[in-house]
Amino acid sequence: MGALSRIAPLLIVAAFWEAITRSGLVPTDLLPPFSTVVVALVKLATGGTLWPNTVDSVARAAAGFGIAVVVGTGIGAGMALWRGFETAAGPLVQAFFPLPKSALIPLVIVWFGLGDTAKTFLIFLGCLLPVILSTYNGLRGVDQVLVWSARSLGATRAAVIREVLLPGAMPQILTGLRTAVAFSFLLMVSSELIIATNGLGYLIGSYGDNGAYPAMFAVILVVTGLGYAADRAFVALSSFLLRWRE
Amino acid sequence: MSDTQTGIAIDRLSHRYVPRSGQPVTALDNVSLQVPRNSFHALLGPSGCGKSTLLFLIGGFLPIQEGQIRTASGPVLAPGPERGVVFQNFALFPWKTVKQNVLYGIGKRGIRGAEADQRAQHFIDLVHLSGFENSFPAQLSGGMQQRAALARTLATDPDILLMDEPFGALDAQTRRIMQEELLAIWRDTRKTVVFVTHDVAEAVYLADTISVMSARPGRICQRIDAGFNRRAETGVFKSPEFIGLVEHVWDLVRSEVDEARQRSH
């Protein structure tokens with residue numbers, strides 16, 4: 001029942017999509033029928049192009065995300081724990097926050113060329129801010145009394161960071177990481193569309209340019225499916241890590 | 001009072017802070033207090049009288065601005081495991097089970113393995129939490145969480161037990177039971193206890209001595225001997241002496257509240 005109610009809206013949209021295209025309400029050169037897209041998807045999945053490009057894209061997204069988690073938790077923790085660092089880095093973070101990271105794509109091409117580095121760097125930038133902010137807010141939000149109680153039980157200041165502040169901030173940090181997962185997909189596709197060498201974004205762009213719309217939609221479905229799967233997996237991991245919450 | 005007899009010696013302690021909006025507040029003004037070793041002392045007063053501030057200063061959580069606090073281990077400069085603390089809102093680590101919480105302080109004392117396990121179990125049993133070792137705090141009632149917090153603190157064997165309205169967040173029945181159990185544990189362990197409360201009957205029931213505090217600025221205005229905690233008989237609550245002393249202390253607190261109100265006008 002649960003699984004059915006979750007996919008029912010998707011099935012309805014697919015049926016609606018099929019109906020409006022088959023009936024001629026929407027011209028098929030603007031929107032190919034859902035069934036045509038599925039056929040194109042099966043063809044792509046059994047061919048030799050889709051999977052290598054998927055691996056390229058996912059590897060990039062994972063690398064950019066992973067580096068952002070390491071660097072972002074470091075910067076966020078530095079800001080939360082050292083007043084001086086917060087004074088220095090805080091205004092930079094705030095100024096950088098509202099900037100759409102895709103605006104930096106031309107600059108990043110100048111810096112890093114057209115290879116993997118440029119794309120991974122863009123994904124890293126996109127993921128960085130939510131990680132920094134959630135780490136900072138999470139660490140700042142830990143109840144002072146928990147720190148006091150650890151100190152009075154004999155914990156050193158360093159132990160308090162590791163054993164109290166970090167687990168106490170974990171719910172917020174994980175919320176930030178979930179946002180970063182979504183951003184990694186966003187930046188992955190947009191960087192590959194613009195710096196078009198390979199990857200799923202490149203496939204979407206090149207099928208679109210060549211008028212192969214069913215294939216283009218099929219790749220969009222693949223990106224959507226991957227994003228959804230990554231999000232669900234992350235939510236499952238979070239609720240495992242936070243199983244102590246009622 | 002010789003040094004071996006002194007549990008806590010507080011000498012001319014003052015503490016000021018500036019709230020986010022406005023004038024500096026004198027939370028404590030020239031407070032001196034001797035708590036003999038192995039005795040149970042209650043800090044009683046209306047909210048805002050600085051009793052929790054005083055307790056946090058003894059705990060080493062706030063910097064000492066003026067005056068001095070000494071224990072058998074020397075002057076208080078920082079938190080230390082010889083001063084165990086029980087907070088009003090329990091302050092359990094929510095990501096740790098009851099047992100992991102109790103093991104935390106034991107581990108900090110350098111005890112590990114089977115010995116640590118045994119010790120944790122002993123204190124979990126002592127506070128009647130057997131069967132809830134693997135529960136997370138969020139799965140327990142307030143009373144049970146405070147038992148777990150008490151076990152966690154007792155398990156590190158502190159000389160001094162600092163309690164900040166530990167039963168204030170509990171319902172009346174649970175509070176009464178916890179008071180009785182605390183007394184039983186205190187009779188066995190004879191810690192030096194400083195117990196912050198605004199509940200007059202609680203102070204009279206639990207303490208050897210009571211400091212009645214006044215607000216704005218926070219001062220100790222009366223020191224009262226109670227000592228019902230050393231009586232073995234049950235039903236102390238109903239004795240005329242107990243009821244008389246509660247009334248007497250009530251009058252003192254009430255006049256302090258009235259005076260503070262007049263001062264602030």
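1. Two strands pair if DSSP finds at least two bridges between them, and helices (H or I, at least four residues) and strands (E, at least two) are DSSP runs, numbered from the N terminus. This is a predicted model, in which local features need pLDDT of at least 70, side-chain atom pairs count only at pLDDT 80 or more, and totals for chains, interfaces and linings use all residues. Residues are numbered from 1 along each chain as its sequence is written, while chains are lettered from A and ligands numbered from 1 in the order in which they are written.

2. In chain B, an open sheet of six strands runs in the order β6-β7-β8-β3-β9-β10, with mixed pairing. Its edge strands, each pairing on one side only, are β6 (83-86) and β10 (219-225) of chain B.

3. The strands β6(B) and β7 (residues 160-164) of chain B run parallel and are joined by four bridges; here B:Gly84 stands opposite B:Leu161 in β7(B). Across β6 and β7 of chain B lies helix α4 (residues 142-154) of chain B, which runs at about 175° to β6(B).

4. Turning to the two chains, the contact takes 14 residues from chain A and 21 residues from chain B, where two residues are in contact if their C-beta atoms, placed from the backbone, lie within 7 Å. On the side of chain A that touches chain B, α7 (144-152) and α8 (157-194) of chain A each supply at least two residues, and α7(A) gives the most, with six residues.

How values were computed
Axes are lines fitted to C-alpha atoms, for helices over the stretch in contact, and angles run from 0 to 180 degrees between N-to-C directions.
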